[in-house]
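Here's a quick briefing to read alongside the model. Have a look at the fold first, then go through the points below.

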Amino acid sequence: MYKLHDIVVLHSNIEIYTLMALSQDRKKALRTIGHKLNPIVIVAGNGLSENVLIEIDRALEDHELIKIKYSVGDRDLKNELIKQTEKSTRSTLIQSIGNVGLFYRAAKEPDPKKSNLAQRY
């Protein structure tokens, strides 16, 4: 199901995380689940402030698979914010359509009542 990737990321507090590369079949399954989801967080003109990143991190820990809407006018700025979100939250971008990004990060302790994945499996 998962394959270890050879990339190691140093987080700001010097913890080391290993990224997991998702197979195409797994990404397809996540896109299917994500299709019915509504955006949980909206990133607007102020960009990715510390509070927005905290909320995204909390949502990923609770739900594992979330949609984020980027309400910024510039396409290049939106793409930069998506990359920054992925890096800052140690999540994986599953899909980006228009102004909405679908992000996945496995929870350390998944709660079946909150997880978008537990409802399907």
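Arg 90 is buried, with a relative accessible area of 19% (buried means under 20%, exposed over 50%, partly exposed in between, using a 1.4 Å probe and protein chains only). This is a predicted model, where local features need pLDDT of at least 70, side-chain atom pairs count only at pLDDT 80 or more, and totals for chains, interfaces and linings use all residues. Residues are numbered from 1 along each chain as its sequence is written, and side-chain values use heavy atoms, with hydrogens and water left out.

**Loops**
- Arg 90 sits in the loop between α3 (75-89) and β5 (helices are DSSP runs of H or I, at least four residues, and strands are runs of E, at least two, numbered from the N terminus).
- Its phi is near 55 degrees, a positive value in a residue other than glycine.
- Glu 64 lies in the loop between α2 (50-63) and β4, and its phi, near 70 degrees, is positive in a residue other than glycine.
- Glu 64 is buried too, with a relative accessible area of 7%.

**Sheet**
- Four strands form an open sheet in the order β3-β4-β6-β5, with mixed pairing (strands pair if DSSP finds at least two bridges between them).
- β3 (39-43) and β5 (92-97) are at the edges with a single partner strand each, so one side of each has no neighbour in the sheet.
- β3 pairs with β4 (residues 65-70) in the parallel sense over four bridges, and Ile 42 stands opposite Lys 69 in β4.

**Helix on the sheet**
- Helix α1 (residues 24-34) packs on the sheet and touches β4, β5 and β6 (100-104) (contact means heavy atoms within 4.5 Å).
- The direction of α1 makes about 125 degrees with that of β6 (axes are lines fitted to C-alpha atoms, for helices over the stretch in contact, and angles run from 0 to 180 degrees between N-to-C directions).
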